[in-house]
Amino acid sequence: MLLIYTHKISKRFSYTMKHVFTRILGIDVSFTNTVEDFIKHSGPKITYSKQPLQNEFFIRSNSLLFEQGIDDIDIKIEDWDGLPCFFEAGERSNIPFDIFSATFYLLSRYEEYLPHVKDELGRFPVKESLAYQQNFLQLPVVDLWAQRFLGILKKRFPEIERKKRTYKFTSIINVTTSHCFAYRGFVRTLGGIFLDLGKFKLLRLLKRVAVWINPKKDPYNNFSYLMEIHKQFKCKTMFFFQFADYSRHDKNVSIYKNKFQYLIKSVADYSVVSLSASYSSSLNNSVLKEEKNRLANLINRPVNYSRMRYNRVNIPQTYRNLVETEFTDDYTMGYTHEIGFRAGTCTPFYFYDINLEIQQPIKVHPFAVCDYSFLKHKKQQQVFEKLDFIYRQVKEVHGDFNIVFSNELLGSNNRLKWLELYKAILKRYYV
């Protein structure tokens, strides 16, 4: 058992220590603010405070884990043998920065509480993030810091025991539009025809008519093919279906269509199925509850996992709403158009609500890649050059490599052949 001494055992302190030591490093840890207990402890021990007590392993603390509320922090990026870091700790510290305060800053999404201009969909812009501005967005720095810290710690305490983690790959299929043309109803189909004619999209019009005659030809209807691929590679896959009423931002097939309901139930027989929450539900929690209950009743099992429309996470309200609606896990933490680690980690973590100063009972599963970030590339090789780098980083720290694919892109065929790309990605990264 590793013992950590600090002058004050705050909620932020306990939250961060449990994440770094228990979830990332697999080390049992306990805390004390009593000097006598710390001195008597014969096993591995660390002091985390402003000054060391004796000649023990010491990390000089920043004040962040002992504060309350939000402050505008001036952050200076330093270099730790090739790894970016911040919150410099000084020469007496056994590592040159406060790894715990830096971890809390990223996991809590501290910067998203600070004043910023949201994008047109009400999202935190990636270009406002510290990681993007300082060029470490594509590094799971929290996990890389922890791994290097472990190496230093084991030199001092070779007897430390830990539970080793294993690399995990998860394919997340986001189904906000299950069919492009099929099962749309007469009025919506007629409106689509006139829209295609008005914009001279004659090829799209021909496809629409063909699907009207034979719904099986819908370009988005690739679910049977996806199931076959998943059986072949035996990778973990999750489907998030939107099951919402029609609105400006939510235009899926009607939830009352029997064939749409049958599709969801048939997918649920072979894979995890959960809720891709509508844009409307992010504005009204009663709508979110209704969508959750409808889907649970349809598939006859609890719906515990969520994804928000457009990866729209409004810190901290989104997670408060999800907790109130009794979701246990969320898979929205990431950026749509940029590859990287929004919270600086590839390890699931519990959300810490800074305004309330509590750990909320919802686990956040960050994703590193959304397929919309591939739109800027013309060839598969360009995509793999980006993904190979991310894969190596995650594999090195035995983390979780989560990739989000949208049903719309998988059913399209513009610059990239998306289904071919999807299969190639699974084959390359699932183990």
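## Salt bridges

Arg 109, Glu 111, Glu 112 and Arg 342 are joined in a network of salt bridges, a salt bridge being a side-chain nitrogen of Lys or Arg within 4 Å of a carboxyl oxygen of Asp or Glu. This is a predicted model, in which local features need pLDDT of at least 70 and side-chain atom pairs count only at pLDDT 80 or more, while totals for chains, interfaces and linings use all residues. Residues are numbered from 1 along each chain as its sequence is written, and side-chain values use heavy atoms, with hydrogens and water left out. Under the salt-bridge rule, the count comes to 16.

Side chains of opposite charge can pair when their charged atoms come close. Arg 294 takes part in a salt bridge with Asp 245, with an N to O distance of 3.2 Å. This pair links distant parts of the chain, 49 residues apart, since Arg 294 lies in helix α10 (residues 285-299) and Asp 245 in the loop between β8 (236-241) and α9 (258-268); helices (H or I, at least four residues) and strands (E, at least two) are DSSP runs numbered from the N terminus. Arg 294 also meets Glu 290 in a salt bridge, again described by an N to O distance of 3.2 Å, and because these two residues stand four apart in helix α10, about one helical turn separates them. Asp 245 is partly exposed at 42% relative accessible area, and Glu 290 is partly exposed at 40%, where buried means under 20% relative accessible area, exposed over 50% and partly exposed in between (1.4 Å probe, protein chains only). A further salt bridge joins the side chains of Glu 78 and Lys 76, at 3.9 Å from N to O; Glu 78 is partly exposed, with a relative accessible area of 24%, whereas Lys 76 is exposed, at 61%.

## Nonpolar cores

A nonpolar core is a set of buried Ala, Val, Leu, Ile, Met, Phe, Trp, Tyr and Cys residues joined through side-chain atoms within 4.5 Å. The largest such core has 123 residues, of which Phe 21, Trp 145, Phe 149 and Phe 401 touch the most other members. Helix α5 (residues 141-156) gives the most to this core, contributing eight residues.

If residues up to four places away in sequence are not counted, Phe 149 touches Phe 21, Leu 25, Ile 46, Phe 57, Ile 59, Trp 80, Ile 95, Ile 99 and Phe 100, contact meaning heavy atoms within 4.5 Å. A second, separate core of seven residues includes Ile 172, Phe 240, Tyr 331 and Phe 367.

## Helix α11

In helix α11 (residues 317-324), the buried residues are Thr 318, Tyr 319, Asn 321 and Leu 322. Seen down the axis of α11, these buried residues fall within an arc of 155 degrees, so they line one face of the helix; the arc is that of the directions from the helix axis to the C-beta atoms. Their cover includes α10, β10 (305-308), β11 (329-330), β12 (349-353) and β13 (358-364). Just after α11, Glu 326 adopts a positive phi of about 70 degrees.

## Cysteines

The structure holds zero disulfides, a disulfide being a pair of cysteine sulfur atoms within 2.5 Å. For Cys 180, the closest cysteine sulfur is that of Cys 370, which at 18 Å is too far for a bond. Cys 370 is likewise in no disulfide, and the nearest cysteine sulfur to its own, that of Cys 235, is 17 Å away. Cys 180 is buried, at 12% relative accessible area, and Cys 370 counts as buried at 4%.
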